[in-house]
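Biologist: Could you walk me through this model, and tell me what stands behind each term you use?
Modeller: Happy to. Here it is.

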Amino acid sequence: MSKNLNYTTEQPVNVEKIRKILDVNNGARIRTWLNICSRCGLCADSCFFYLANNKDPLLSPAYKFKTTLGEMYRKKGNLDREFLKKCYGIVWGECTTCKRCSMYCPFGIDIATMISTARTVCWSQGVFPEGLARTLTYYQETGNQMGMSEEDFIETCEWMAEELEDEIRGVTIPIDKQGAKYMYTVNPREPVYYPQDLGMAAQIFTVAGEDWTMPSSGWDCTNLAMFAGDRELAGKVVRSMYDKALELGAEKILITECGHAYRSAAFEGPYLAGYTEGKPPVQIVHSVQLFYEYFRDGRIRVDPDKRIEEPVTYQDPCNVSRNGGLWEEGRKIIDYIAKDFRDMTPNREHNHCCGGGGGFIPMGPEFRSRRMASGRVKAGQIKATGAKIVITPCHNCFDQITDLNEEYDLGVKVASLKEIICESMVIPDHLKPEQVKDQD
Amino acid sequence: MYKFYEILTGPGLWFAFIIFIGGLILRLTYLFALSREKDKIFYNHMSISWGLRSIGHWLIPLGSASTRNQPVFAVVFYVFHICLLGVPLFLSAHNILWDEAFGISLWSMPDSWADALTMVVIGTVVFLFIRRLARPEVRILTSFWDYFLLVLTLLPFLTGFLAYHQWGPYNTMLILHILSAEILLIVVPFSKLAHLVLFFFTRAFIGFEMGGRRKARAW
């Protein structure tokens, strides 16, 4: 529980605001879920928080929603700050909204959705993690969660393109090209901390001969506002990405290797942004799908000498696999690139959450010990495979597993698909830089 | 005593069934109307195939990963439901009453089967009751109301069994049997027991969400 809620005032709780939120959400769906839970307890075994913390019954999904959203409705919104702080600890500290529990409930009750609704109520009263609060201000000021200016962003892209001239001829990061097939969007973590990620993507697109562009604005596909419970800002964030794609006349929006960005752009975003049909105005494609298509269609080939010998495993990001339906693509790519693939148990849409999602990683040091504890399940799964490399197309999984590697002594290297593809792909002759060709 | 019996099997039964069926219809209608008002967007994603598969995999025993995790509980709970519905519907004593009153009836199972299956119901309810107490993750969720509903569900079967075997004062047993059954029927539309019908809707919904939109198997 946080002692650092100093960005929130100790103002009296605005019950009217809470009632409005509860009322809007009091549809047949949530009302039935609240009523029909038969307290069977099957959801407990599905939740990695419960399993990792010695099966503490307080961590069963049913208990979590009953004591947060359930209580909110029972009290008809007459909540006090003490109660909200208690909810804070549960809805942000004990759930990543991974939706695994909804698959294990006999009624298919979606506990994650109820936790998200409780988050919105808490947020409305200024009760939400400080780590997310900062990012919300950045989204509003600069359109991206890390406050990077348009200038800096474009400069970083140009710099990365320059760096790659030695490896691939003619590689560029085209900014604001009109009518491209793909408008590429990234996680600000990339330009700010790992600019080589931008370079790797550019390499892959160049080798595959892709028609793509990097937008100068609306390039941040992440949506931490969605995890903070700030639905209005979440709508704005995703709309700025949609609008840019429409402005550039892009055929599709390509999402970098990020989990929740796909969930935001493809599924929750349309509703947050006001598209009542539930479909985004521009088709959304996740990198794992496009990269798979490159291999399938022979646009990228693997150098047989560079295939990975060490055992590898695949981390299913919740929002790409279970909540995105894209669990086979990553495995198929690994088939091309690695010789020894060891799947986790369980896997695909039944795989466990790594513990880093739902806003956990950006939520900062306050929540670190919790995600290290809950990550025990994932650590156990990885260890059991005997793999030396964990491949995952999600930034949060990447960070979480990197931390788990240290915490649990897993002895693994974590890699994104971009990284392993760049290391093993064949660079066609016409793209090899001049000096190398002369040497041949 | 007999007067009471007459009321219970006359207006009492009418009342109970009207509330049972009418209550369920009203609840469904209300929820449907509410969904048109506040949950309209979810109608975008209906997929009959995924809805049916989502329902189907949970109607067959051990059809979902979740039930395979707790197979004993799953089998007990499955058997409990089958007998809970099967015994009252196909009991000769009940069918005789329907026949006498309205000239309609369903197939009747031999009394020896009904007897055995009633014992199964009693046994499974006891198992479920003990499970609620024994498993910490279930106990923490359980309230008085959950225990009460379990006992209420058990009563018609227990009293019917006792009456059939004529153990204890027959008239009292019979009256308790009918009374407890009527109370149970009346409670159904207003409690979690409405899952009798709501199960199909919530399962279909998650089938649309996970299956229809994401191709993920919600089982």
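Modeller: Of the 219 residues in chain B, 45% count as buried. This is a predicted model, in which local features need pLDDT of at least 70 and side-chain atom pairs count only at pLDDT 80 or more, while totals for chains, interfaces and linings use all residues. Residues are numbered from 1 along each chain as its sequence is written, chains are lettered from A and ligands numbered from 1 in the order in which they are written, and side-chain values use heavy atoms, with hydrogens and water left out.

Biologist: What makes a residue "buried", "exposed" or "partly exposed"?

Modeller: Buried means under 20% relative accessible area, exposed means over 50%, and partly exposed is in between (1.4 Å probe, protein chains only). B:Ile18 has 54% relative accessibility, so B:Ile18 counts as exposed.

Biologist: Which helix holds B:Ile18?

Modeller: B:Ile18 sits in helix α1 of chain B. Helices (H or I, at least four residues) and strands (E, at least two) are DSSP runs, numbered from the N terminus. By that count chain B has 10 helices and 0 strands.

Biologist: What makes B:Trp14, B:Ile18, B:Trp98, B:Phe102 and B:Ile104 a nonpolar patch?

Modeller: Patches are made of residues with over 30% relative accessible area and no salt bridge; like charges are joined within 9 Å, and nonpolar side chains (Val, Leu, Ile, Met, Phe, Trp, Tyr) within 5 Å. A salt bridge is a side-chain nitrogen of Lys or Arg within 4 Å of a carboxyl oxygen of Asp or Glu. These five residues, B:Trp14, B:Ile18, B:Trp98, B:Phe102 and B:Ile104, form such a patch on the surface, with about 560 Å² of accessible area together. Accessible areas come from the Shrake-Rupley method with a 1.4 Å probe; for residues, only the protein chains shown count as cover. Helices α1 (2-38) and α5 (92-102) of chain B each supply at least two residues of the patch.

Biologist: Over in chain A, how do you know that β5(A) and β6 pair?

Modeller: Two strands pair if DSSP finds at least two bridges between them. β5(A) and β6 (residues 389-391) of chain A have 3 bridges in the parallel sense, with A:Thr313 opposite A:Val390 in β6(A). The open sheet has 3 strands in the order β5-β6-β7 (chain A), with parallel pairing.

Biologist: Why are β5 and β7 of chain A called edge strands?

Modeller: β5 (312-314) and β7 (413-415) of chain A each pair on one side only.

Biologist: Why is A:Asn351 called buried?

Modeller: Its relative accessible area is 1%, so A:Asn351 is buried. A:Asn351 lies in the loop between α16 and α17 (368-374) of chain A. Contact means heavy atoms within 4.5 Å. Not counting residues up to four places away in sequence, A:Asn351 touches several residues, including A:Arg100, A:Tyr314, A:Asp316 and A:Pro346.

Biologist: What makes the peptide bond from A:Thr345 to A:Pro346 stand out?

Modeller: That bond is cis, with omega near -10 degrees. Most residues other than glycine have a negative phi, and most peptide bonds are trans. Phi of A:Arg348 is near 55 degrees, a positive value in a residue other than glycine.

Biologist: Is A:Arg348 buried, exposed or partly exposed?

Modeller: At 22% relative accessibility, A:Arg348 counts as partly exposed. For A:Lys76, phi is also near 55 degrees, but A:Lys76 has 59% relative accessibility and therefore counts as exposed.
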